[in-house]
Amino acid sequence: MLVALSDVRSVGPFTWRWPEETGEFSRAWEMVATFAGHRFPVRHALGAHRAYGQLRVHSVTWVAGNPCVEGVAADDYPSSRALVSVIRRADKRHARQASEIPPGYERFALVRHADEIIAPYSPASLAVKIVEDDLPAGATHALIRAASWGYLPSRRSGEPTGAGEG
């Protein structure tokens, strides 16, 4: 289940203020994603971040202004351009077994994080492996997580379909 995207556009470099640091992003896209009958503004951005002992390409995907998923370059990034992002359960813990994966990941390339990034502290958790600019896959991953964690608004009959409309 990939989301439908519309109004996709590139945006320039920007910074994002985290509680402990500031992130720099050199490339980004903004779009509207239709997911489960609702429309949501999504931003997917690429930058660099020190992780697992080296400077790696890093991504963040926001839904309705909230950061939902992060990815980091796999060891084979120079040839694959792929990032890995841990799959989290509804209780926000890492998924470690296939039975713990939330619905919606059936069409993704699923990997074990520690097999894709061989480094100290690389978790033995399940992850998705997504090419850095695969916007439908990145948006879908972020929306699945947001839905799994109850971050997306529910719609009652007669109400607008959510953020990003109009």
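A pocket, on a 1 Å grid over the protein atoms alone, is an open set of points with protein on both sides within 12 Å along at least five of seven lines, and its lining residues have an atom within 4 Å of a point. I start with that because the pocket is what I looked up first.

**Ground rules.** I am reading a predicted model, where local features need pLDDT of at least 70, side-chain atom pairs count only at pLDDT 80 or more, and totals for chains, interfaces and linings use all residues. Residues are numbered from 1 along each chain as its sequence is written, and side-chain values use heavy atoms, with hydrogens and water left out.

**Confidence.** I checked pLDDT, the predictor's confidence in each residue from 0 to 100. The protein has a mean of 90, and 92% of its residues reach 70 or more. Residues 155–166 fall below 50, yet beyond near neighbours in sequence this stretch has 17 contacts in the model (contact means heavy atoms within 4.5 Å).

**The pocket.** Which residues lie nearest the centre of the largest pocket? I found His-58, Val-69, Glu-70, Gly-71 and Arg-88 there, out of 21 lining residues. The space in this pocket is about 380 Å³; a volume here is the space filled by probe spheres set on the grid points, which are joined across faces, edges and corners. Strand 6 gives the largest share of the lining, 6 residues. Strand 4 (38–51), strand 5 (54–63), strand 6 (66–73) and strand 7 (82–86) each supply at least two. I noted that helices (H or I, at least four residues) and strands (E, at least two) are DSSP runs, numbered from the N terminus.

**The cavity.** A cavity is a set of grid points where a 1.4 Å probe fits but cannot get out. I got 1 cavity of 30 Å³ or more, and the largest cavity holds about 130 Å³ of space. It is lined by 16 residues, with His-44, Ser-59, Gly-71, Leu-83 and Ile-130 closest to its centre. Strand 5, strand 6, strand 7, strand 9 (126–131) and helix 3 (135–148) give two or more residues each to this lining.

**Rings.** I counted rings of Phe, Tyr and Trp (its six-membered ring) as a pair if their centres lie within 6.5 Å, with planes under 30 degrees apart stacked, over 60 edge-to-face and the rest tilted. The structure holds 7 aromatic pairs. Trp-16 and Trp-18 make an edge-to-face one, 6.0 Å centre to centre with 65° between the planes. Both belong to a cluster linked by ring pairs, along with Phe-14, Phe-25 and Trp-62.

Then I looked for charges over rings (NZ of Lys or CZ of Arg within 6 Å of the ring centre and within 35 degrees of the ring normal). Arg-43 lies over the face of Phe-14, 4.3 Å from the ring centre. Lys-92 has its charged end over the ring of Trp-149, 4.9 Å from the centre.

Most residues other than glycine have a negative phi. Asp-7, in strand 1 (residues 4–11), has a positive phi of about 55°. Tyr-121, in the loop between helix 2 (113–116) and strand 9, has one of about 70°.

Are these two buried or exposed? Asp-7 counts as exposed because its relative accessible area is 55%, and Tyr-121 is exposed at 79% (buried is under 20%, exposed over 50%, partly exposed in between, with a 1.4 Å probe and protein chains only).

**One last residue.** Val-32 sits in strand 3 (residues 22–35) and is buried, at 10%.
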